[in-house]
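Here is a short briefing to read alongside the model. Keep the sequence and the 3D view open as you go through the points.

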Amino acid sequence: MLTRNCLSLLLWVLFDGGLLTPLQPQPQQTLATEPRENVIHLPGQRSHFQRVKRGWVWNQFFVLEEYMGSEPQYVGKLHSDLDKGEGTVKYTLSGDGAGTVFTIDETTGDIHAIRSLDREEKPFYTLRAQAVDIETRKPLEPESEFIIKVQDINDNEPKFLDGPYVATVPEMSPVGAYVLQVKATDADDPTYGNSARVVYSILQGQPYFSIDPKTGVIRTALPNMDREVKEQYQVLIQAKDMGGQLGGLAGTTIVNITLTDVNDNPPRFPKSIFHLKVPESSPIGSAIGRIRAVDPDFGQNAEIEYNIVPGDGGNLFDIITDEDTQEGVIKLKKPLDFETKKAYTFKVEASNLHLDHRFHSAGPFKDTATVKISVLDVDEPPVFSKPLYTMEVYEDTPVGTIIGAVTAQDLDVGSSAVRYFIDWKSDGDSYFTIDGNEGTIATNELLDRESTAQYNFSIIASKVSNPLLTSKVNILINVLDVNEFPPEISVPYETAVCENAKPGQIIQIVSAADRDLSPAGQQFSFRLSPDAAIKPNFTVRDFRNNTAGIETRRNGYSRRQQELYFLPVVIEDSSYPVQSSTNTMTIRVCRCDSDGTILSCNVEAIFLPVGLSTGALIAILLCIVILLAIVVLYVALRRQKKKDTLMTSKEDIRDNVIHYDDEGGGEEDTQAFDIGALRNPKVIEENKIRRDIKPDPLSLPRQRPPVEDNTDIRDFIHQRLQENDVDPTAPPYDSLATYAYEGSGSVAESLSSIDSLTTEADQDYDYLTDWGPRFKVLADMFGEEESYNPDKVT
């Protein structure tokens, strides 16, 4: 600061003392450029153009930044050759900072800076000067432009715009390994002096790192820096201007450097022997213990793989790696038994998964430890002698018969007695019972193999000393068959024999079925019933392979004499006790051709003419079917044609009149009359009246006599029908179905609401108008009846 103030004072003395401000410079004394000659007109003195010489002192001035003097800083002087010192010339200043930063003496042309300037804020100012006549205010010379530059001083220290910095470098890196490059920026003028010349150095962080003084590149300075020893480093970097010389300004920044991990350390067990205690009741697949090898590396370099060295526990235990904690989790592969073996010993090896070849020379990246497991005795449930018990019992065995026994033992030290129970959830019907002390199983009900051939339930065994400890075993009981059902024919056979059959001809093969569970090699025998063995028409031939054939015993059979024969067949099985049954077969006599093909077995076929072959009969039937099809098609076409001719309008809506006033056979015997029969096309053609529109009514008045209350509706309907009958041109556009009576003498009486017993109050039939055009006439009829007033009838 003292140096800067001294320099500022020296410059002020030079300028303010007049040492650098010549008022009338000679041409050889101009500093920046040669004076330019301009042609001007001097009013009132010259009548022609005259070349005059312009005499500005400088066209470029300099002003010192950060001036701290008490008086305004002198910048320079403006002067015109036309100024004779008589006070007739006035100088003006305009442009950047005119009046606010810079001022000019209007008489002398002296320029001063009235405030301190900062080059980094604005390095130069462009201004315009003008010399004018003080009286006429007219320019004496053209306006000229000049520049005032702010002279730089070293007032800005270097700054690290990107700091603080974060960098990484692998551990164990060699000397000179690149880490990071830093950069400082100086706001001073780099083209003037050494104010912006920056030099880098390390203030803190040696001897681990070094920095290039010119480029700012940071490199490692020590070999084999170990992350496991020290991972984080904080380096203080300085940037100093003026080329690092005394008096220069400096700025600092911090660089945080982290050593990244490499796999330079093998895993190591903290101890050589691990002791584990495991209860013998531990389930298979459960974790029974954890061991851990320590690897000072980080991330994937610290991932460890554990393996059990083949030996004592290789088949009984397994080990896996916990990915989160990198621990070795020992799991049980087979059940433990304290009574069989109480301790196990084996070795576990820990090794790195991701090896670095640069460190192979350091030795094997693995370690070994011994694991000793002690099995703890646990009070266990009883153990059955078998995993599954299978028993057999004959059906119909008397209740209470013992069919087998189960056995369970307490294998713990100081064994306890065992009690047995049947699991009621598996044997809800209680077909069997068990002795709680002995474990013997007996029948509790009669068994039927044909109903249930196999029973499956569970037996529970518990310790007397600890009833909560139980074990369960499945019992499978097969019900053996007892020959109690006789064999029968597989299906109810009904066979046929030809009239022209020969003796010894097999007409049917039969087989047998037995509801009993027949053992392997079961044989069925077939024979004719003794009652039918006397002069039999048929006999049974046993083929000795559980099948038999029905054989004819006579030459020819006649349907006219006997159509059906009943043959009793006795079937016998070979089990004990022997069961047999008599099955009756039905044999029907049929007419066959010469090849033995059955033609007909019906009795009506007897009366058919003799001599017609099967082909002829089929041809006759086919012709009859074709004729019937032609007739049906013709009738359908005729009906379709009539329907198209008569029903030509969609508005031609008609209904049938259906009478229910006879008891007869009920509604099933009621036949509606055919509307087509009521329409006579000939009459319509003679009257030349269109059938697709509703005809106009005749001029004959239709009298509607009043109907008194409780008038029989039948009289009204008959009267309306007679009116339509006398009008030959009015086809029955509306047909009425009357439901007034079920007929005389009906126990159900009338089902119609028209003749139902009602009160004296009038019934409202206005809802009939909402039923559409099909009920329009009915709505008009009842509406007129309601509006009728007997007092107004003449």
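This is a predicted model: local features need pLDDT of at least 70, side-chain atom pairs count only at pLDDT 80 or more; totals for chains, interfaces and linings use all residues.

Residues are numbered from 1 along each chain as its sequence is written, and side-chain values use heavy atoms, with hydrogens and water left out.

**Disulfides**

- How many disulfides does a search of the whole structure find? The search finds 2, where a disulfide is a pair of cysteine sulfur atoms within 2.5 Å.
- As a reminder, a disulfide is a covalent bond between the sulfur atoms of two cysteines.
- Helices (H or I, at least four residues) and strands (E, at least two) are DSSP runs, numbered from the N terminus.
- The link of Cys498 and Cys592 is left-handed, with -85° about the S-S bond.
- Cys498 is buried, at a relative accessible area of 11%, and Cys592 is buried at 12%. Here buried means under 20% relative accessible area, exposed over 50%, and partly exposed in between (1.4 Å probe, protein chains only).
- Cys590 is joined to Cys601 by a disulfide, S to S 1.7 Å. Cys590 lies in strand E40, and Cys601 in the loop between strand E41 (598-600) and H2, so the pair ties together parts that are 11 residues apart in sequence.
- The link of Cys590 and Cys601 is right-handed, with 110° about the S-S bond.
- Are the two ends buried or partly exposed? Cys590 is buried at 0% relative accessibility, whereas Cys601 is partly exposed at 22%.
- With the bonded cysteines of the protein numbered in sequence order, the pairing reads 1-3, 2-4.

**Strand pairing around E32**

- Strand E32 (residues 470-480) pairs with strand E25 (residues 388-394) in the parallel sense, over 7 bridges. Two strands pair if DSSP finds at least two bridges between them.
- Within E32, Asn478 is the bridge partner of Glu392.
- Strand E31 (residues 454-463) runs antiparallel to E32, and 9 bridges join the two.
- Ala461 stands opposite Ser471 in E32.
- E31 and E32 form a hairpin, with 6 residues between them.

**A nonpolar surface patch**

- Which residues form a nonpolar patch on the surface? They are Ile620, Leu621, Ile624 and Leu628, with about 380 Å² of accessible area together.
- Patches are made of residues with over 30% relative accessible area and no salt bridge; like charges are joined within 9 Å, and nonpolar side chains (Val, Leu, Ile, Met, Phe, Trp, Tyr) within 5 Å. A salt bridge is a side-chain nitrogen of Lys or Arg within 4 Å of a carboxyl oxygen of Asp or Glu. Accessible areas come from the Shrake-Rupley method with a 1.4 Å probe, and for residues only the protein chains shown count as cover.
- Ile620 lies in helix H2 (residues 614-646) and is partly exposed, with a relative accessible area of 41%.

- Ile104 is placed in strand E6 (residues 102-104) and is buried at 18% relative accessibility.
- Leaving aside neighbours within four places in sequence, Ile104 is in contact (heavy atoms within 4.5 Å) with residues including Leu78, Tyr91 and Ile111.
- The C-alpha atoms of Ile104 and Leu78 are separated by 8.7 Å, and the two residues are 26 apart along the chain.

**Backbone features to look up**

- Most residues other than glycine have a negative phi, and most peptide bonds are trans.
- Gly163 and Pro164 are joined by a cis peptide bond, with omega about -5°; Pro164 sits in the loop between strand E9 (144-151) and strand E10 (165-170).
- The peptide bond from Gln206 to Pro207 is cis too, with omega near 5°, and Pro207 lies in the loop between strand E12 (199-204) and strand E13 (209-211).
- Gln326 is not a glycine, yet has a positive phi of about 55°. Gln326 is buried, with a relative accessible area of 16%.
- Arg544, also not a glycine, has a positive phi of about 65°. Arg544 is exposed at 65% relative accessibility.
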